[in-house]
Amino acid sequence: MPHRPAPLSVVGTLVGAGLLACAAPEAPPPVDSSPAAATPSPAPVTPIDTPAIDSGPALYHCDNGDVIEVRFGYYDATVRLADDTTLTLPRAQSASMPGSDVYVGRAIALEREGDRLRLTRDGEASRCGRRAPGAS
């Protein structure tokens, strides 16, 4: 069977399609680098498992009569006990969960859930509640 040449319109279409595929991409629009065009940086994001930082120390009244002061940080809590002993307890991430944080030291553990604490010292546990601002 003899080979017949393709019609000229088919060849022209194929060549045109090939040229379009090889054409240079369109350049992106120019970037405005003026100070007015600058967008502010986004605020830092706190990881979900990171406890919130309170604005300052908080006083807690315990069921054994003690008043303790606690300042919570991202990774630890500083506790001033009724006898003026001050301890910094690291946050036990493996024991903490959303809404509840656990801080553990040598002979003391502090569990925080909302405005309530459970303070365990030398094996004895006390439940503590946060005092209202201005309360003495």
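**Close-up 1. Asp 101 stands opposite Arg 112 in E6.** The model is predicted: local features need pLDDT of at least 70, side-chain atom pairs count only at pLDDT 80 or more, and totals for chains, interfaces and linings use all residues. Residues are numbered from 1 along each chain as its sequence is written, and side-chain values use heavy atoms, with hydrogens and water left out. Asp 101 belongs to strand E5 (residues 100-104). Strands (E, at least two residues) are DSSP runs, numbered from the N terminus. E5 runs antiparallel to strand E6 (residues 108-113), and five bridges join them.

**Close-up 2. The side chain of Asp 101 meets that of Arg 91 in a polar contact.** The distance is 3.2 Å. A polar contact is a pair of N or O atoms within 3.5 Å; within protein, one must be able to donate a hydrogen and the other to accept it, and residues adjacent in sequence count only if both atoms are side-chain atoms. Asp 101 is buried, at 8% relative accessible area. Buried means under 20% (1.4 Å probe, protein chains only).

**Close-up 3. Eight strands form an open antiparallel sheet.** Their order is E4-E3-E2-E1-E8-E7-E6-E5. Strands E4 (86-90) and E5 are the edges, each pairing on one side only. Two strands pair if DSSP finds at least two bridges between them.

**Close-up 4. Cys 62 and Cys 128 form a disulfide.** A disulfide is a pair of cysteine sulfur atoms within 2.5 Å; here they are 2.0 Å apart. Cys 62 lies in strand E1 (residues 58-62) and Cys 128 in strand E8 (residues 124-130), so the link ties together parts 66 residues apart in sequence. The link is right-handed, with 95° about the S-S bond. Both Cys 62 and Cys 128 are buried.

Notes:
Helix = DSSP H or I, 4+ residues; strand = E, 2+ residues; numbered from the N terminus. Buried < 20%, exposed > 50% of the residue type's maximum accessible area, 1.4 Å probe, protein only.
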